[in-house]
Amino acid sequence: MANLPASVFSLEKAALERYGHMGPVMLHAYLGVLASNRLLHVSADETDASVTFIPYAASVWEELFRKKDFSGRSLSRFALLRPSSEAGHLLFECPRAHGHFVIRSCEQVKNVGEILLARRACAPEASPERKIDGGQALLLAGMQAAGFMVDAEDSESTLGLPRELPQWEFHDLYLHSRSRLGRQSDQIGGTYRMAPLQPPDPIAVFRRDHIASIALPIPSPDSLRQLTVGEVMDSRCSVRKHAAGGLSISQLGSFLHSCFFVRGMWKSGEIEFTRRPYPSGGASYDLEVYLLVSRVAGLAVGTYHYDPVHHALGMLTPDNELMRAMLDDSYRASAETCYPDVLLVLASRFRRVSWKYSGMAYATILKNLGVVYGTMYTVATALGLAPCALGLGDSDKFSRLTGIDYYEEGSVGEFMLGALN
Ligand SMILES: Cc1cc2nc3c(=O)[nH]c(=O)nc-3n(C[C@H](O)[C@H](O)[C@H](O)COP(=O)(O)O)c2cc1C
């Protein structure tokens with residue numbers, strides 16, 4: 001195989017001459033191993049680079065040369081064609097498939113476009129020489145072998161829902177498959193992908209541009225020791241009714257200190273780290289805490305940012321329409337049962353995570369958010385406050401309210417907090 005690229009036919013012939021009848025068997029086992037490591041790049045022949053197929057498994061490689069029958073088959077609704085980071089390349093992918101294509105010619109873009117529009121493909125001719133004639137035939141054979149095709153009846157809809165995996169929406173399955181090992185060939189994990197370009201973003205935002213700074217009271221060490229862990233776990237629940245008097249600033253201070261206050265800082269080489277009450281993927285601690293305060297005794301109504309190093313609030317805006325619109329959204333998200341004393345908005349400084357992680361940054365951010373939700377529920381219950389997570393918020397409104405760039409730092413979660421009745 002030293003003279004790459006090589007045709008399968010010529011490799012089989014060479015293997016047969018050298019090792020006898022077991023030669024081609026060994027060759028295909030070896031090619032299967034290369035395929036499962038995403039190292040096999042298949043083109044129709046040595047001169048045709050219009051389309052390349054990259055199988056992810058030995059079984060896909062074996063399947064590639066079997067005779068195809070496309071009758072009763074349809075293209076999966078999850079297939080997509082998109083630009084690659086390499087100029088002049090398009091990627092044709094499907095999160096159901098164990099392989100993808102690199103498309104390099106307009107003719108093949110047209111072929112893919114026709115298949116995407118019609119959701120149908122026709123069978124390529126099988127060749128006795130385990131050879132696939134032409135880029136279009138490779139496209140079709142690879143689609144069938146890798147799993148781009150589904151039963152045609154699955155591509156129909158009933159009651160407005162697709163029949164093919166109706167529980168999955170396109171973007172959810174794409175994110176799921178791309179942020180896990182198994183169905184992709186890109187690097188994934190802690191690759192420090194942005195380290196060659198820039199240092200990591202700072203461990204915390206000490207001062208957002210604020211109009212006033214408010215030092216918060218520090219809770220007594222006993223404030224979290226009234227209930228045992230077992231009692232907290234037994235009594236934790238979502239509370240959507242806040243007491244008439246509203247939260248006090250000391251209750252809010254205790255909650256923020258117990259959940260978020262930075263317990264320590266240290267350096268490893270050039271990189272700074274913090275220690276906090278909750279864990280965070282890669283110690284990234286990307287989540288910033290914003291508070292839309294509607295009713296806290298001792299605090300003016302307005303939008304605040306929490307500084308977890310100095311245990312202080314920075315007031316970003318006084319009461320305004322956008323803030324009220326976000327509070328109204330939270331009222332609707334709680335099925336119109338609760339207009340919160342405080343709406344906590346968790347915003348990710350995305351680059352804290354994407355600086356290190358390839359392929360799994362956004363998934364890690366959502367996992368970090370889940371950890372913070374759990375911490376907030378636990379602490380609020382232990383402090384005798386009323387907590388409730390929310391599943392939906394408006395990241396555009398958050399960006400406009402705070403003036404923070406949507407792509408730099410964006411709201412990913414909301415949480416209502418109030419005084420318990
Ligand atoms: C990720 C997440 C999202 C949630 N979204 C909402 C929501 O949008 N509105 C709401 O009223 N409750 C929401 N909740 C609260 C759940 O409805 C609640 O946890 C669930 O019904 C179980 O009840 P319990 O928390 O009282 O045990 C959410 C909880 C979580 C963890």
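Helices (H or I, at least four residues) and strands (E, at least two) are DSSP runs, numbered from the N terminus, and two strands pair if DSSP finds at least two bridges between them. The views below show a predicted model, in which local features need pLDDT of at least 70 and side-chain atom pairs count only at pLDDT 80 or more, while totals for chains, interfaces and linings use all residues. Residue numbers start from 1 along each chain as its sequence is written.

**View 1. A hairpin made by β13 and β14.** Together they form a hairpin with two residues between the strands. In the turn, Gly-269 has a positive phi of about 65°. Trp-266 can be found opposite Phe-273 in β14.

**View 2. An open sheet of five strands.** Follow the order β1-β2-β6-β5-β4 across this sheet, where the pairing is antiparallel. β1 (42–45) and β4 (80–83) are at the edges with a single partner strand each, so one side of each lacks a neighbour in the sheet. From one strand to the next, the twist averages 25°; axes are lines fitted to C-alpha atoms, for helices over the stretch in contact, and angles run from 0 to 180 degrees between N-to-C directions. Four bridges link β4 with strand β5 (residues 90–93) in the antiparallel sense. Within this pair, Leu-80 has Glu-93 of β5 as its bridge partner. Helix α5 (residues 135–146) packs on the sheet and touches β1, β2 (48–55) and β6 (99–103), where contact means that the C-beta atoms of two residues, placed from the backbone, lie within 7 Å. The direction of α5 makes about 10° with that of β2.

**View 3. Helix α5 and its surroundings.** Here is that helix on its own terms: α5 has 12 residues and reaches 16 Å from its first C-alpha to its last, close to the 16 Å expected at 1.5 Å a residue. The expected span is 1.5 Å times one less than the number of residues. Of the 12 residues of α5, 11 are buried. A residue is buried if 20 or more other C-beta atoms lie within 10 Å of its own, exposed if 12 or fewer, and partly exposed in between, with C-beta atoms placed from the backbone. Among the buried residues are Leu-138, Leu-139, Leu-140 and Met-143. The buried residues of α5 pack against β1, β2, α3 (58–63), β6, α4 (106–118) and β7 (149–151). Gly-147 follows α5 and has a positive phi, near 110°.

**View 4. Ala-97 in its loop.** Look between β5 and β6 for the loop that holds Ala-97. Ala-97 counts as buried because 24 other C-beta atoms lie within 10 Å. Neighbours within four places in sequence aside, Ala-97 is in contact with Ala-146, Gly-147 and Phe-148. Ser-177 is 80 residues from Ala-97 in sequence, yet their C-alpha atoms are 9.8 Å apart in space.

**View 5. Two loop residues with positive phi.** Leu-165 is not a glycine, but its phi is positive at about 40°. Leu-165 sits in the loop between β9 (161–162) and α6 (170–178), and counts as partly exposed, with 14 C-beta neighbours inside 10 Å. Tyr-192 also is a residue other than glycine with a positive phi, near 50°. The loop of Tyr-192 lies between β10 (189–190) and β11 (212–215), and with 13 other C-beta atoms within 10 Å this residue is partly exposed.

**View 6. An open sheet of seven strands.** The order here is β11-β18-β17-β15-β19-β22-β21, with antiparallel pairing. β11 and β21 stand at the edges with a single partner strand each, so one side of each has no neighbour in the sheet. The twist averages 30° from one strand to the next. Strand β15 (residues 287–293) and strand β17 (residues 302–307) run antiparallel, joined by four bridges. Leu-292 has Thr-303 in β17 as its bridge partner. Helix α12 (residues 395–402) packs on this sheet, touching β15, β17, β18 (312–318), β19 (342–349) and β22 (409–419). The direction of α12 makes about 90° with that of β22.
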